[in-house]
Amino acid sequence: MNRVYLYSDTFLNLLSLVIFLNAQNITPSNIKPENYTATLFEETINLKITPSKNLLPKFYQKAPSIFKIMYYVYLSSHPNKELIIYYFYLNFLKYHNKVINMRNISWVNDALKIAKYVSHEAHKLKGFIRFTELEKHVLYAQMEPTNNIITIVSAHFKKRLPNEYWLIHDTKRNIISVYDQKDFYLLDATNLQLNLKTTSHTYEDLWCTFYDTIGIKERKNNRCRLNFMPKKYWKNIIEMRNNHAQSNK
Amino acid sequence: MFADIINMVFKMELKEKLQILADSAKYDASCSSSGNSYTSKKGLGSTSYSGICHSFASDGRCISLLKILMTNCCIFDCKYCINRRSNNIKRAIFTPEEICAITLNFYRRNYIEGLFLSSGIIKNPDYTMELIIETISLLRYKYKFNGYIHAKAIPGASVALLNKLGKLVTRLSANIELPTSTSLKLLAPDKNSEQVTKIMGYIKEHQSKYFAPAGESTQLIVGASNESDYVLLHKSSSMYEKYALKRVFYSAYIPVNQDKLLPSLKIPPLKRENRLYQADWLLRYYNFKVDDLLSEEYPNFNLLIDPKADYALRHLEEFPKEINTASYYDLLKVPGIGVTSAKRIIKSRKYFKITFNDLKKMGIVLKRAKYFITCNSKYCLAPSLFKKDFIESNLILENKTPTNSNFKQLSIFHE
Ligand code: SF4
């Protein structure tokens with residue numbers, strides 16, 4: 001029987017489980033979130049480990065770059081991410097901080113690649129997120145990122161728009177980040193009801209005007225634009241909405 | 001005031017103004033070409049200026065700043081510029097409050113990182129500078145805007161005004177435009193290169209945490225005058241040294257005007273512009289010298305092959321380089337290996353002997369590099385194929401098949 005170990009879906013729980021399994025010398029055939037349905041040849045085991053309270057800050061202090069890589073892999077949508085984290089951690093125990101140079105080990109290489117991909121997407125969205133203004137000066141943005149990067153972008157906008165009230169809504173995962181001029185909180189948005197109306201579209205119009213004006217037709221290069229601003233994001237980028245609607249026809 | 005009168009006479013919707021003044025700023029040959037941190041205390045914005053692109057224009061260029069002219073009215077008549085006095089085009093002028101409103105509202109909605117403000121010369125250079133200073137003061141003091149601001153210094157304005165502007169902005173620039181004073185005299189008869197170099201010298205001397213903290217940049221127009229790449233590159237390399245510039249921008253001349261003094265181009269020399277950017281990069285980060293790449297006898301870049309591959313092909317005796325032993329700068333000489341790859345190789349080879357397979361795993365693209373390297377003394381192809389003709393034709397062929405890596409992000413909009 002293949003043993004699949006389950007964790008309730010937070011980074012803290014996953015990390016605790018990975019550390020525990022390693023300490024006990026248990027090699028899991030897989031690690032999955034609790035809602036996982038096992039196949040015929042799998043047996044699921046839920047150890048329900050209570051994580052030690054300051055595991056995250058402690059680990060972060062000990063090895064910040066390793067922590068970041070594991071956390072980013074966790075945020076990815078890679079189907080095998082838990083196992084990759086498990087083996088990356090195993091190699092970390094063996095090679096310590098030098099593990100990040102061991103790209104000839106595929107688990108390590110995979111972890112580094114995925115972490116890079118996640119941080120890359122977060123970076124892109126820091127630019128592509130578009131707020132609209134609702135009543136009472138509240139700013140609201142929707143996004144559908146491939147990876148679960150809402151925490152990363154929220155931390156960015158906390159610094160960038162410290163004196164605003166803003167909401168960032170991941171419509172794919174249905175989570176919303178709410179910022180109250182001090183800190184942001186992640187909430188489940190399944191039953192979200194926004195009772196705020198949008199205000200005037202003057203600046204949205206002006207922005208679209210600017211956007212349409214600024215491209216130089218002698219230099220037109222659609223492939224290059226697509227390369228930097230993939231179509232999957234267009235839906236929520238206001239100046240691309242018309243293009244988006246057209247290309248879906 | 002003069003500007004107010006113009007505004008009253010030509011009453012115009014904000015939208016139309018934005019259209020005109022963004023349109024006249026988009027050509028780099030127009031007084032408008034194009035990091036560091038203002039930390040956010042109270043007020044709007046932080047500039048952890050890590051090169052965030054907010055959008056990409058239809059020409060593929062990164063948009064990170066609201067790039068506009070204060071006005072496209074101009075008393076000068078630079079031959080290459082769409083806004084020159086002798087052109088019959090629609091003119092407009094923003095009020096300082098209008099610019100503030102657009103900047104702030106675009107910033108909050110996350111459309112832009114900041115403002116790039118330049119201007120045609122209205123009335124006289126000092127008056128124009130004063131308008132720019134008034135606008136940016138409003139943004140900084142009245143609206144507490146801490147975001148990125150890049151301003152163009154107006155040639156001919158007084159030193160006192162230059163000093164004032166430098167303290168308000170994140171980056172300050174002055175465009176040299178043409179590599180020799182002869183061609184500047186010919187094509188921009190109202191400008192003189194001394195005025196521009198004086199400004200550049202002043203900025204260099206005063207540049208600090210409080211004065212244009214993100215430093216200084218300048219621009220050269222490519223293809224409006226007849227200097228060779230060799231002359232252009234020598235000019236930039238000497239300016240990098242003399243003025244500690246952050247960037248020299250190269251801008252392919254886009255034929256907006258007909259003039260007997262201008263070359264009759266049909267399409268802008270984009271490939272040439274690209275080659276100059278690549279070469280500029282090699283000079284700044286790869287330890288190349290201008291004379292490694294070009295000479296009096298070989299004054300222009302090969303448009304079929306990028307400068308680094310061109311160098312390698314003309315110095316084949318230095319190759320192939322052994323991945324496991326070559327020095328950092330030797331690795332950098334290999335076409336297809338950049339700074340990230342070279343660093344990655346150096347770090348990794350301390351722990352294991354690198355094979356071709358490892359290189360692939362490490363994310364190093366071998367498509368071009370494979371002709372110029374060995375791994376543990378093994379050449380990737382049959383050793384008899386290590387010949388100039390063979391490699392050259394393969395590299396050229398490959399350039400013709402489009403890949404994503406053929407695009408270089410033109411970041412004329414930020415920095
Ligand atoms: S000074 Fe020359 S380049 Fe600048 S706006 Fe006027 S005409 Fe154009």
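Strand E4 of chain A and strand E5 of chain A, residues 138-143, are joined by two bridges and run antiparallel. In that pairing, Thr132(A) sits opposite Tyr140(A) of E5(A). Before going on, please keep in mind that this is a predicted model.

Those two strands belong to an open sheet of five strands in chain A, ordered E4-E5-E6-E7-E8, with mixed pairing. Which strands are at its edges? They are E4, residues 132-133, and E8, residues 184-188, both of chain A, and each of them pairs on one side only. Helix H6(A) packs on this sheet. The strands of chain A touched by H6(A) are E5, E6 (165-170), E7 (175-180) and E8. The direction of H6(A) makes about 165° with that of E6(A).

Chain A also has an open sheet of three strands, in the order E2-E1-E3, and here the pairing is parallel. Why is one side of E2 and of E3 left without a neighbour in the sheet? Strand E2 (30-33) and strand E3 (42-46) of chain A stand at the edges and have a single partner strand each, so one side of each stays without a neighbour in the sheet. From one strand to the next, the twist averages 35°.

Strand E1 of chain A, residues 2-7, runs parallel to E3(A), and five bridges join the two. One of the pairs is Asn2(A) with its bridge partner Glu42(A) in E3(A). This sheet has a helix packed on it as well: H4 of chain A, residues 81-95, touches E1 and E2 of chain A. The angle between the direction of H4(A) and that of E2(A) is about 130°.

Next, the interface. Between them, chain A and chain B bury about 5400 Å², and 58% of that is on carbon and sulfur atoms. The contact involves 50 residues of chain A and 60 residues of chain B. Which residues of chain A lose the most area to chain B? They are Arg160(A), Tyr203(A) and Arg219(A), together accounting for 16% of what that side buries.

Arg160(A) comes up again in the polar part. Arg160(A) forms a salt bridge with Glu113(B), where the closest N and O atoms are 2.8 Å apart. Across the interface of chain A and chain B, the rule finds four salt bridges. The count of residue pairs in polar contact between the two chains is 24, with both residues at pLDDT 80 or more.

As for the elements involved, helices H5 (106-128), H6 (150-160), H7 (202-214) and H8 (222-228) of chain A each supply at least two residues of the side that touches chain B. H7(A) gives the largest share of that side, nine residues. By residue class, the side of chain A that touches chain B divides into 19 nonpolar, 14 polar and 17 charged residues.

Two backbone details to finish. In chain B, the peptide bond from Phe319(B) to Pro320(B) is cis, with omega near -10°. Pro320(B) lies in the loop between helix H11 (307-314) and strand E9 (321-322) of chain B. In chain A, His96(A) has phi near 55°, a positive value in a residue other than glycine. Where is His96(A) placed? His96(A) is in the loop between H4 and H5 of chain A.

Key: Residues are numbered from 1 along each chain as its sequence is written. Chains are lettered from A and ligands numbered from 1 in the order in which they are written. This is a predicted model: local features need pLDDT of at least 70, side-chain atom pairs count only at pLDDT 80 or more; totals for chains, interfaces and linings use all residues. Side-chain values use heavy atoms; hydrogens and water are left out. Two strands pair if DSSP finds at least two bridges between them. Helices (H or I, at least four residues) and strands (E, at least two) are DSSP runs, numbered from the N terminus. Axes are lines fitted to C-alpha atoms, for helices over the stretch in contact, and angles run from 0 to 180 degrees between N-to-C directions. Contact means heavy atoms within 4.5 Å. Buried area is the accessible area (1.4 Å probe) that two parts lose on being put together, summed over both. A salt bridge is a side-chain nitrogen of Lys or Arg within 4 Å of a carboxyl oxygen of Asp or Glu. A polar contact is a pair of N or O atoms within 3.5 Å; within protein, one must be able to donate a hydrogen and the other to accept it, and residues adjacent in sequence count only if both atoms are side-chain atoms. Ala, Val, Leu, Ile, Met, Phe, Trp, Tyr, Cys and Pro count as nonpolar, Asp, Glu, Lys and Arg as charged, and the others, Gly among them, as polar.
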